[in-house]
Amino acid sequence: MKIQPSFRTILAGISLVLVSACATAPRSGPAALAGTWNNSLGTIWTIKADGTFDVDRNHDGKRDIWGTYTVAGDTVTIQGTGGKNPKDCKGPGVYKFSRPNENNLTFTLVSDTCSDRKKNVLLAWHRK
């Protein structure tokens, strides 16, 4: 059975799109968040693939806050476990996240009582 040239062209185009999609940054799960990120306040947030994170708020290269996170689809739950956590940050924060491209990460609020965490997390994050 012969395949028409136009069908082969369409099939090649679809294959190219699928291969390109595989090469882009992950958009969900822990792999989508892993990396070192900074925001316009200068906060540096290192999110590790093992479900932990460190935050350097004063740019001295030392972690000021650390904790854990879990991911379900495009939703992340963040829990500070140590460091200089403000008093209203004892509970978890829940956010939806998106990766518009490999160098940017954004969040929208689901629920969080921690005003300082909200102020930082809701800013645009850029890969450092």
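**View 1. The hairpin of strands S1 and S2, with Gly42 in its turn.** Strands S1 and S2 form a hairpin that leaves five residues between them, and Gly42 in the turn has a positive phi of about 90°. Here strands (E, at least two residues) and helices (H or I, at least four residues) are DSSP runs, numbered from the N terminus. S1 covers residues 35–38 and S2 covers residues 44–47; the two run antiparallel and are joined by four bridges. Two strands are said to pair if DSSP finds at least two bridges between them. Thr36 has Thr46 in S2 as its bridge partner. The model is predicted, and local features need pLDDT of at least 70, side-chain atom pairs count only at pLDDT 80 or more, and totals for chains, interfaces and linings use all residues. Residues are numbered from 1 along each chain as its sequence is written, and side-chain values use heavy atoms, with hydrogens and water left out.

**View 2. The hairpin of strands S2 and S3, with Gly51 in its turn.** S2 also pairs with S3, in the antiparallel sense and over four bridges. Four residues lie between S2 and S3 in this hairpin, and Gly51 in the turn has a positive phi of about 90°. Trp45 stands opposite Val55 in S3.

**View 3. The surroundings of Asp64.** Asp64 is placed in the loop between strand S3 (52–56) and strand S4 (65–72). With a relative accessible area of 7%, Asp64 is buried; buried means under 20% relative accessible area, exposed over 50%, and partly exposed in between (1.4 Å probe, protein chains only). The side chain of Asp64 reaches the backbone nitrogen of Asn58 at 3.3 Å. Leaving aside residues up to four places away in sequence, Asp64 touches Val55, Asp56, Arg57, Asn58, Gly82, Gly83 and Lys84, where contact means heavy atoms within 4.5 Å.

**View 4. The disulfide of Cys89 and Cys114.** A disulfide is a covalent bond between the sulfur atoms of two cysteines. Counting a pair of cysteine sulfur atoms within 2.5 Å as a disulfide, the count comes to one. The sulfur atoms of Cys89 and Cys114 are 1.7 Å apart. The torsion about their S-S bond is about 50°, so the disulfide is right-handed. Cys89 lies in the loop between strand S5 (75–83) and strand S6 (93–101), and Cys114 in the loop between strand S7 (104–111) and helix H3 (115–121), so the pair ties together parts that are 25 residues apart in sequence. Cys89 is buried at 3% relative accessibility, and Cys114 is buried at 1%.

Notes: A polar contact is a pair of N or O atoms within 3.5 Å; within protein, one must be able to donate a hydrogen and the other to accept it, and residues adjacent in sequence count only if both atoms are side-chain atoms.
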